[in-house]
Amino acid sequence: MATKPPLSADQIADLNAKHVNDLDRDYDHLCRQLARRGVDAEAAVAKVAAFSVAIPTWGAGRGGTRFAKFPLAGEPTNIHEKLQDCAVVQQLATVTPRVSPHLPWDTVDDYVGLREEAAELGLGFDAINSNTFQDQAGQPHSYATGSLTSSDAAVRAQAVEHNVECIEIGRKLGSRDLTVWIGDGTNFPGQQDLGRQFDRYLDSASGIYAALPDDWRMLLEHKMYEPAFYSTVIQDWGTSILAAQELGPKAKCLVDLGHHAPNVNIEQIVSRLHRFGKLGGFHFNDSKYGDDDLDSGSINPHQLFLVFNELIEAERNPRDGFDPAYMIDQSHNVTDPIESMLVSAEAIVQCYAKALLVDRDALHDAQDRDDVTMAFQALRRAYTVDVTPIVAKARVEAGGACDVIAAYRASGWRDRKAQERKPVGLGAGIV
Ligand code: PSV
Ligand code: MN
């Protein structure tokens, strides 16, 4: 398995050659425009250069729905190939230096070796995601009745043990967060006692919490519904923060942007969680109806901007600390996953950059004077700026591509992999 970075720096520089003059001109023009408003574009470039978002190993493969998966020639079929594809994303986008693995999907015999392999590709490991939402071959007990909240103590013990094993593996990989999402819930009224089910969750989760190293966090991910369709145990941020408060300071809440009721004010949830020191992380994606799988910023980039606006407010007023784990969590059903991750990373950084351009003094001053129009204008003026040159400038200075999609397509990566990698079978994908 080749473990050097997939593309060479010269290749990327060659691909950039025809864009850099235009980029410099566009960037200078934007700097002058922003300077007239008293906004420092260079400061935004520096912040963007320091920003990063992890990418999910499972996002490197073609996803699917419960109906079908349509494989892509050359898509990765194991963790080693997934790491290579993630390395391509990082080389071109430069803001995705870590991958978030999912166990047991990414199980290997040698995790120390896997960490070295990733490091050679220029990657580290982010939060470990446990999986007790499906049965695995050879597992003694089924999760058909739930996992951490099952009425069967042996099932609960198995689910706790899996999470503890995830922590042990994560230590070898250099992670410091365990993300726990469970699909537990019910499909019928009366199927389970809603209160006792939550009690069982708290009891099992405290068993996992007890195994956390001192510098680790347990990120509790809520989701309104799916796979359970009548009730879900950890269904919203209210239940999530109650559980996190009960468990202790190392337990935080993770907000997956697609896991809320339609039209919920997610930016306000961000603010609330931060207020009580429980904002642990994000799964970025977008959603039109009830899904959680569309590409970040593809449906509602304004919401993403407003979320970043709250994150910047939180960073400026860190209270007991501000260190959320950012990760993309999407299912790429109809695109080349590398292209989706490149475009999504760019959309996320663009919304961050726009939020950086908000004139905070003007915003706070307008808020204090109850000047509604000017408060909204402070946000609108930043949102309408085309920040492409700021984002591209930071990326090119970090050795990445000016035009990420053009560079990726010119690299011929997927066609080469289609020749080398074994084909993927048909079947249902991740829902
Ligand atoms: C559940 O829908 C989720 O958002 C969780 O984060 C899972 O780990 C991930 O998707 C993959 O199924
Ligand atoms: Mn998620």
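## Burial and the model

A residue is called buried if 20 or more other C-beta atoms lie within 10 Å of its own, exposed if 12 or fewer do, and partly exposed in between, with C-beta atoms placed from the backbone. By this rule Glu 226, with 16 other C-beta atoms within 10 Å, is partly exposed.

This is a predicted model, in which local features need pLDDT of at least 70, side-chain atom pairs count only at pLDDT 80 or more, and totals for chains, interfaces and linings use all residues. Residues are numbered from 1 along each chain as its sequence is written, while chains are lettered from A and ligands numbered from 1 in the order in which they are written.

## The chain as a whole

The chain has 16 helices and eleven strands. Helices (H or I, at least four residues) and strands (E, at least two) are DSSP runs, numbered from the N terminus. The C-alpha trace spans about 65 × 60 × 40 Å along its principal axes. The radius of gyration is taken over C-alpha atoms, and the globule rule is 2.2 Å times the number of residues to the power 0.38. For 431 residues, a compact globule would come near 22 Å, and the chain's 22 Å agrees with this.

Of the 431 residues in the chain, 46% are buried. Two residues are in contact if their C-beta atoms, placed from the backbone, lie within 7 Å. Among contacts between residues at least 6 apart in sequence, 79% join residues at least 24 apart.

Strands of a sheet pair through backbone hydrogen bonds, either parallel or antiparallel. Here two strands count as paired if DSSP finds at least two bridges between them. One open sheet has six strands in the order 4-5-7-9-10-11, with parallel pairing. Strand 4 (128–129) and strand 11 are at its edges; each has a single partner strand, so one side of each lacks a neighbour in the sheet. Strand 4 pairs with strand 5 over two bridges, and Asn 129 has Thr 179 of strand 5 as its bridge partner. Helix 6 (residues 153–173) packs on this sheet, touching strand 4 and strand 5, and its direction makes about 150° with that of strand 5. Such angles run from 0 to 180 degrees between N-to-C directions, and the axes are lines fitted to C-alpha atoms, for helices over the stretch in contact.

Further along, strand 5 (residues 177–180) and strand 7 are parallel and share four bridges; Val 180 stands opposite Leu 220 in strand 7. Strand 7 also pairs with strand 9 (residues 251–256) over four bridges, where Cys 253 is the bridge partner of Leu 220. Cys 253 has another bridge partner, Leu 279, in strand 10. Strand 9, helix 9 (residues 266–275) and strand 10 make a right-handed β-α-β unit, as do strand 10, helix 10 (residues 301–316) and strand 11. A crossover is right-handed if, with the strands pointing away from the viewer, the path from the first strand over the helix to the second runs clockwise.

Which residues of strand 7 lie on each face? Arg 217, Leu 219 and Glu 221 are on one side, Met 218 and Leu 220 on the other, and all are buried. Since five of the five residues of strand 7 (residues 217–221) are buried, the strand is largely enclosed by the rest of the structure. Strand 10 (residues 279–284) is mostly covered too, with six of its six residues buried.

A nonpolar core is a set of buried Ala, Val, Leu, Ile, Met, Phe, Trp, Tyr and Cys residues joined through C-beta atoms within 7 Å. The largest one has 105 residues, of which Val 89, Leu 220, Ala 353 and Ile 390 touch the most other members. Helix 11 (residues 337–356) gives the largest share of this core, twelve residues. Leaving aside neighbours within four places in sequence, the contacts of Leu 220 include Val 180, Ile 234 and Cys 253.

Strand 2 (residues 98–100) and strand 3 are joined by two bridges, and Arg 98 stands opposite Gly 124.

Glu 226 is found in the loop between strand 7 and strand 8. Its phi is positive, about 80°, although it is not a glycine, and a cis peptide bond with omega about 10° joins Glu 226 to Pro 227. Another cis peptide bond, also with omega about 10°, joins Leu 103 and Pro 104.
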